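Morning, everyone. Let me put the model up on the screen, and then we'll walk through it.

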Amino acid sequence: MGITLRKGVFSRLPSLKGVASTPDQRAELMLGALAVGSLVLIGFMIAFVMGEAWPSFANNGFFKWFGWGGNTDQQLEGIFNSPGDPASYVYEIRTFPLLYGTILITGGAVIIATVLSVLSAVFIVEFAPEALRRALEPIVKLLAAVPSVIYGLIGVLVIVPFFDQVFITEGAKESVQYVIQLTGSNITVAVFILTIMIAPIMIAIVVNALNSVPDSWSQGAIALGVNRWRAMWTVVVRAARPAIVAAAVLATARALGEAIMLSMVSGSVSFSPNPLDGLIFFLEPARPYAPAIVENSEGLTIPPFGQTIYAFAAVLLFSAGMLSFAGWFIRQKLRKYTLTPT
Amino acid sequence: MEKLNTPPPVRRISPDKKSKPAKPSSTTAASKRNGKVSVKTGRSRPKVESIERMRTVDLGIAYGGKSAVNGVSLQIKKGEVLALIGPSGCGKTTYLRSLNLLVEQTPTATRTGKIMLDGEDVDKLELTELRRKVGMVFQQPNPFPMSIFDNIAYGIRERGSRKPTRRVLKPFVEEALDRANLLEEVKDNLSHPALRLSGGQQQRLCIARSLAVEPEVLLLDEPCSALDPRSTAAIEDLVLKLRSEIAIVIVTHNMQQAQRVADRVAFMYLGDLVEEGTVTQVFDKPQQKRTRDYVSGDFG
């Protein structure tokens with residue numbers, strides 16, 4: 001009590017006296033201000049993006065904006081070339097192919113990565129020999145930090161040509177030639193690379209979670225005559241479900257926002273891959289929202305075009321928010337039995 | 001009771017139950033005591049015919065060449081409680097954990113000698129089968145992060161590939177809870193999280209969880225060391241109630257507890273079995289000097 005700073009900025013702020021006289025109180029005030037500041041900043045950002053995006057939604061109608069009809073790429077071009085007079089701005093766009101592409105690629109990658117990461121984490125924690133485990137854990141953490149553009153490069157230089165030469169036959173090209181051109185950039189490559197990109201961070205989170213499950217629980221299961229494999233699944237992985245959900249949410253957020261890599265390998269055509277095409281479905285291109293933003297960033301200064309791109313961003317922002325909320329909600333549900341007496 | 005789709009648990013306790021004088025007497029003893037524990041007299045302990053369930057012959061356990069248990073030969077019988085006493089690190093917990101081969105989870109552990117269950121070498125049994133027949137309760141209560149019901153049903157569900165429904169399981173769950181003297185307290189809250197129970201209730205839940213798979217032998221590894229005196233008394237009552245149904249081995253630091261619940265006592269020191277006998281033999285007329293020193297409180 002009564003300690004005052006002789007030097008520095010705080011000693012010159014008389015209004016802080018009384019309110020923040022101890023170092024603890026000053027620290028609390030500082031951190032509180034920083035936290036509130038960042039919240040306000042995020043609030044402004046959301047408000048700004050939503051405000052900018054509003055004309056695009058309003059002129060199309062909210063549901064029609066997400067609907068289908070026409071060619072999204074041509075519609076974007078129409079907006080880009082709209083007349084300079086604000087009264088005759090063109091806004092018409094139907095973004096269903098982008099929405100569908102986002103769901104398809106993100107969803108596919110997250111589902112595959114979740115299964116993959118839980119299996120790998122179980123292996124690393126419970127079944128891998130000590131030496132292997134010690135090697136794997138840092139490698140996984142290293143992989144989680146690789147910049148996505150590197151994955152994109154490998155994708156565009158190695159995997160896309162490989163698909164083009166091996167899987168895309170003349171017959172396949174001809175069968176859809178009036179609808180779409182198959183180039184080797186397609187949803188399978190996109191999902192594949194995105195999975196590789198998001199799986200390491202998920203593995204790292206799930207490994208941590210499995211390690212932090214008390215050993216006494218699996219011991220208890222084993223003492224009941226359950227083998228290690230079953231004990232792992234029915235008790236340890238079960239107890240780690242909140243962390244698995246958290247990992248999936250984080251990975252989904254990362255996948256949703258992944259722009260550069262997807263722009264390099266997903267084909268960059270606003271096309272809705274059609275499951276009715278059979279196996280060729282997997283060779284068809286798509287274009288999620290995030291790469292659509294990057295690829296169209298050169299036209300942002302044209303007001304209606306900029307607003308349309310902001311609308312894409314607003315969708316991503318909103319989905320990320322919803323995702324966090326859904327993740328929080330599911331974790332609360334799952335934690336019901338893990339809570340110790342309060 | 002409905003038929004289970006899975007191999008039904010062996011129901012050999014029902015005939016025992018009718019001819020079981022232990023239950024009423026032990027509960028009255030508990031109520032008379034009113035929390036105060038009279039050390040020497042303990043609870044009334046009816047004579048039950050004792051049948052050998054397990055036997056170790058010259059059992060030795062070593063961790064990476066360092067011996068933890070040396071040549072221990074003991075018999076474990078249904079109808080009498082065997083208490084293992086001794087100072088910390090004397091190998092009593094290791095011995096206990098070797099009886100259901102849990103010790104072999106540790107990669108460096110090696111075993112010599114024989115462990116027999118009902119006259120058969122345990123190495124001839126499937127590991128999971130052995131562990132269902134030899135249940136274990138740990139020092140710290142370790143209920144799973146599930147509901148009370150799911151905790152008890154866990155062992156039954158895991159024994160078959162087809163999972164019986166909740167309705168089919170319910171009588172088995174309730175019976176296990178009843179045998180563990182817990183049913184009265186939780187019967188209306190079976191879907192509550194098991195981790196919300198008190199420590200003593202959690203430990204009885206763990207005992208019930210073991211009982212649900214119908215073990216022949218129950219291993220208790222210092223089951224009361226994390227509990228208050230009241231909960232300890234509840235567990236001790238339970239042990240005395242169960243002794244006529246299954247063989248019980250209890251590891252304890254607490255010599256009064258050994259006198260209260262055990263019929264036979266084995267004193268271990270530095271991995272050796274020093275002395276083994278009835279409670280009176282070991283506590284009142286110990287043959288070995290080390291036993292005498294330990295039970296009189298000279299070290300430990």
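Which residues in α11(A) meet α14(A), and which in α14(A) meet them? Before I answer, one caution: this is a predicted model.

Now the answer. On the α11(A) side we have Arg241(A), Pro242(A), Val245(A), Ala246(A), Val249(A), Thr252(A), Ala253(A) and Leu256(A). On the α14(A) side they meet Leu316(A), Ser319(A), Ala320(A), Leu323(A), Ser324(A), Gly327(A), Ile330(A), Arg331(A) and Leu334(A). By class, that contact has 11 nonpolar, four polar and two charged residues.

Next, the geometry. Helix α11 of chain A covers residues 241-257. Its axis and that of α14(A) are 9 Å apart, and the packing angle is about 175°. Anything over 145 degrees counts as roughly antiparallel. So α11(A) and α14(A) are roughly antiparallel to each other.

Stay with α14(A), residues 303-334. It also packs with helix α1 of chain A, residues 23-60. Here the angle is about 125°, and the axes are 7 Å apart. That makes α1(A) and α14(A) oblique to each other. Their crossing is left-handed.

Who makes that contact? From α1(A), the residues include Met45(A), Ile46(A), Phe48(A), Val49(A) and Phe57(A). From α14(A), they include Tyr310(A), Ala311(A), Val315(A), Leu317(A) and Phe318(A). Glu52(A) of α1(A) and Gln307(A) of α14(A) are also among them. By class, the count is 15 nonpolar, three polar and one charged residues.

On to the interface between the chains. How many residues of chain B are in contact with chain A? There are 29, and they touch 24 residues of chain A. Between chain B and chain A, the buried area is about 2200 Å². Carbon and sulfur atoms give 60% of that.

Now salt bridges. Between chain B and chain A, the count is one. Glu158(B) pairs with Arg230(A) in a salt bridge, with the closest N and O atoms 2.8 Å apart. Over all chains, a search of the whole structure finds 24.

One more example, inside chain A. Glu130(A) and Arg133(A) join side chains in a salt bridge, at 2.9 Å from N to O. Both lie in helix α5 of chain A, residues 130-144. They are three residues apart, about one turn of the helix.

That's my tour. Over to you.

Note on methods
Residues are numbered from 1 along each chain as its sequence is written. Chains are lettered from A and ligands numbered from 1 in the order in which they are written. This is a predicted model: local features need pLDDT of at least 70, side-chain atom pairs count only at pLDDT 80 or more; totals for chains, interfaces and linings use all residues. Side-chain values use heavy atoms; hydrogens and water are left out. Axes are lines fitted to C-alpha atoms, for helices over the stretch in contact, and angles run from 0 to 180 degrees between N-to-C directions. Helices (H or I, at least four residues) and strands (E, at least two) are DSSP runs, numbered from the N terminus. Angles under 35 degrees count as roughly parallel, over 145 as roughly antiparallel, 65 to 115 as roughly perpendicular and the rest as oblique. A crossing is left-handed if the near helix is turned anticlockwise from the far one by less than a right angle, and right-handed if clockwise. Contact means heavy atoms within 4.5 Å. Ala, Val, Leu, Ile, Met, Phe, Trp, Tyr, Cys and Pro count as nonpolar, Asp, Glu, Lys and Arg as charged, and the others, Gly among them, as polar. Buried area is the accessible area (1.4 Å probe) that two parts lose on being put together, summed over both. A salt bridge is a side-chain nitrogen of Lys or Arg within 4 Å of a carboxyl oxygen of Asp or Glu.
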